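Please look over the sequence and the structure shown here before reading on. The paragraphs after them go from the whole chain to single residues.

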Amino acid sequence: MNPGKGLATASLVLGIISLIGICYPLQIVGFICGIIAIVLSRISVKKSQTMNFPIDGKSKAGLILGIIGIVIAILVWIAIFFNLMSEI
């Protein structure tokens, strides 16, 4: 059994949560889940490579979703900042 499979699944779930989390008023949820998804994905890939198992697609998907969630959260923060600055 692939030793990084559980971490890959957790990475995928947190990547999905990071995309959902950016829809709420507090985008910090999406940002934090995105960071954790990226870290778990990298750990999963390293474990799979050390044991010569193929890299799980869930790990790649979690990495991509985590990155997308972080980027969108940052863009939303920038938009909110500029919106607040324009009101001053």
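The protein chain exposes about 5,400 Å², of which carbon and sulfur atoms supply 78%; accessible areas come from the Shrake-Rupley method with a 1.4 Å probe, and for residues only the protein chains shown count as cover. This is a predicted model, in which local features need pLDDT of at least 70 and side-chain atom pairs count only at pLDDT 80 or more, while totals for chains, interfaces and linings use all residues. Residues are numbered from 1 along each chain as its sequence is written, and side-chain values use heavy atoms, with hydrogens and water left out.

The protein chain has 3 helices and 0 strands, where helices (H or I, at least four residues) and strands (E, at least two) are DSSP runs numbered from the N terminus. With a radius of gyration of 15 Å, well over the 12 Å that the globule rule gives for 88 residues, the protein chain is more spread out than a compact globule; the radius is taken over C-alpha atoms, and the rule is 2.2 Å times the number of residues to the power 0.38. Along the principal axes, the C-alpha atoms fill a box of roughly 55 × 15 × 15 Å.

Helix α3, residues 57-87, has 31 residues and reaches 45 Å from its first C-alpha to its last, close to the 45 Å expected, a span defined as 1.5 Å times one less than the number of residues. Buried residues of α3 include Gly62, Leu65, Gly66 and Gly69, where buried means under 20% relative accessible area, exposed over 50%, and partly exposed in between (1.4 Å probe, protein chains only). The buried residues of α3 pack against α1 (5-21) and α2 (28-50).

Ser18, in helix α1, is buried, with a relative accessible area of 0%. Leaving aside neighbours within four places in sequence, Ser18 is in contact with Gly30, Cys33, Gly34, Leu65, Gly66 and Gly69, contact meaning heavy atoms within 4.5 Å. Ser18 and Gly66 are 48 residues apart in sequence, yet 6.3 Å apart in space, C-alpha to C-alpha.

Ser48, found in helix α2, counts as buried at 1% relative accessibility, and, leaving aside its neighbours within four places in sequence, Ser48 is in contact with Asn2, Gly4, Phe53 and Pro54. In the loop between α2 and α3 lies Asn52, which counts as exposed at 70% relative accessibility. Asn52 has a positive phi of about 60° although it is not a glycine; most residues other than glycine have a negative phi.
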